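Work through the exercises below with the sequence and the structure side by side. Try each task before reading its solution.

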Amino acid sequence: MSTVWFWLVAFMLIAYVVLDGFDIGVGILHLFVAKSDDERRLALRSIGPVWDGNEVWLIAGGGTLYFAFPLVYASSFSGFYLPLMIVLWLLILRGVSVELRSHISLGVWRTFFDALFAFSSALLAIFYGAALANVIRGVPIGPDFYFFLPLWTNWRVGPSPGILDWYTVIGGILALVALTVHGGLYLATKTEAALQARARRAVKLLWLPLLVLTGFSLIATMKIRPESLHNYEAHPIAFIIPVGVILALAGILNFSRRHQDKRAFASSAVYLGLMMTGAAVGLYPALLPSITDHALEI
């Protein structure tokens, strides 16, 4: 039963990344690809019906974690208290930006909230990526199953890590680029004319960095946490996941060049889903790996 709950939580988090990821990406990108107030409003309207509803997946994942694995919930939410509070405020700022932008018809007012929406969306993507990298890397869980992490220490992966080190920074940058690409592809499917062309151009520019960061992150993960390969070695069929990641990246490039935007967006969704699934396979059965002898497992 614990395995079922593990994968149920994983499914909810994967659904959140795929579904809320594109509106985070639109938030990051809209300030750069939309050149007028009308285009920015169009970009916001493209996510208007879904941006807040998609966040339900995050709430559902946290609630399921609380009921199924209360010790993991207590340990992680106390140890990651600072970044979780930052994430909460970034979510609030995104909502405030969308809701208040059109309340006053002043250029400076709208520009401020457009910039705030882009800023909070970008930081949110970075913190999500860094948070996942922290879980993959492991945290210093004590004998009481609690831990504390400062925001940073010496930027190295070691016995006294911070929330930010070279590995988690890679995770944050990868998430930023991946969600920006995801949002750009979503904009390309929902808009037309100049805005659509700029969204496609942004995806084209970011595809190579995404490819490089993906490969680098996988190599870095195998270096700092080689035990993440154990489940792959025990069940070789799992290697279909990295193969699928490569094919999804190729699909993004191929379909984008052909202006088949819906297929390119679907490829991006597959890429994000497989990256998250691969991380879950590497973690199982540990819910919160530890760099000490006190890992929290199912």
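A polar contact is a pair of N or O atoms within 3.5 Å. Within protein, one atom must be able to donate a hydrogen and the other to accept it. Keep in mind that this is a predicted model.

**Exercise 1. Thr 168**

Task: Find which backbone atom lies 2.7 Å from a polar atom of the side chain of Thr 168. Then decide whether Thr 168 is buried or exposed.

Solution. 
- Step 1. Locate the residue: Thr 168 sits in helix H7.
- Step 2. Look for the partner. The backbone nitrogen of Asp 165 is 2.7 Å from a polar atom of the Thr 168 side chain.
- Step 3. Check the accessibility. The relative accessible area of Thr 168 is 0%, so Thr 168 is buried.
- Step 4. List the surroundings. Beyond its neighbours within four places in sequence, Thr 168 touches Ala 130, Ala 133, Asn 134, Arg 137 and Ile 163.

**Exercise 2. Asp 261**

Task: Determine which side chain makes a polar contact with the side chain of Asp 261.

Solution. 
- Step 1. Asp 261 has 9% relative accessibility, so it counts as buried.
- Step 2. Collect the contacts outside four places in sequence: Ala 188, Thr 189, Gln 196 and Arg 200.
- Step 3. Pick out the polar one. The side chains of Asp 261 and Arg 200 make a polar contact at 2.7 Å.
- Step 4. Compare sequence with space. Ala 188 and Asp 261 are 73 residues apart in sequence, but their C-alpha atoms are 6.1 Å apart.

**Exercise 3. The nonpolar cores**

Task: Identify which residues touch the most other members of the largest nonpolar core.

Solution. 
- Step 1. Start with a general point: nonpolar side chains tend to be buried together in soluble globular proteins.
- Step 2. Turn to the core itself. It has 49 residues, and Leu 210, Ile 252 and Tyr 271 touch the most other members.
- Step 3. See where the members come from. Elements giving two or more residues include H1, H2, helix H7 (166-190) and H11.
- Step 4. Follow one residue. Tyr 271 contacts residues beyond four places in sequence, among them Leu 174, Leu 210, Val 245 and Ile 252.
- Step 5. Look for another core. One of 16 residues lies apart, including Phe 69, Val 135, Ile 141 and Phe 147.

**Exercise 4. Backbone features**

Task: Describe the phi of Ala 193 and the peptide bond from Tyr 284 to Pro 285.

Solution. 
- Step 1. Ala 193 is not a glycine, yet its phi is positive, near 60 degrees. Ala 193 lies in helix H8.
- Step 2. The bond from Tyr 284 to Pro 285 is cis, with omega near 5 degrees. Pro 285 falls in the loop between H11 and strand E1.

Definitions and conventions: Residues are numbered from 1 along each chain as its sequence is written. This is a predicted model: local features need pLDDT of at least 70, side-chain atom pairs count only at pLDDT 80 or more; totals for chains, interfaces and linings use all residues. Side-chain values use heavy atoms; hydrogens and water are left out. Buried means under 20% relative accessible area, exposed over 50%, partly exposed in between (1.4 Å probe, protein chains only). Contact means heavy atoms within 4.5 Å. A nonpolar core is a set of buried Ala, Val, Leu, Ile, Met, Phe, Trp, Tyr and Cys residues joined through side-chain atoms within 4.5 Å. Helices (H or I, at least four residues) and strands (E, at least two) are DSSP runs, numbered from the N terminus.
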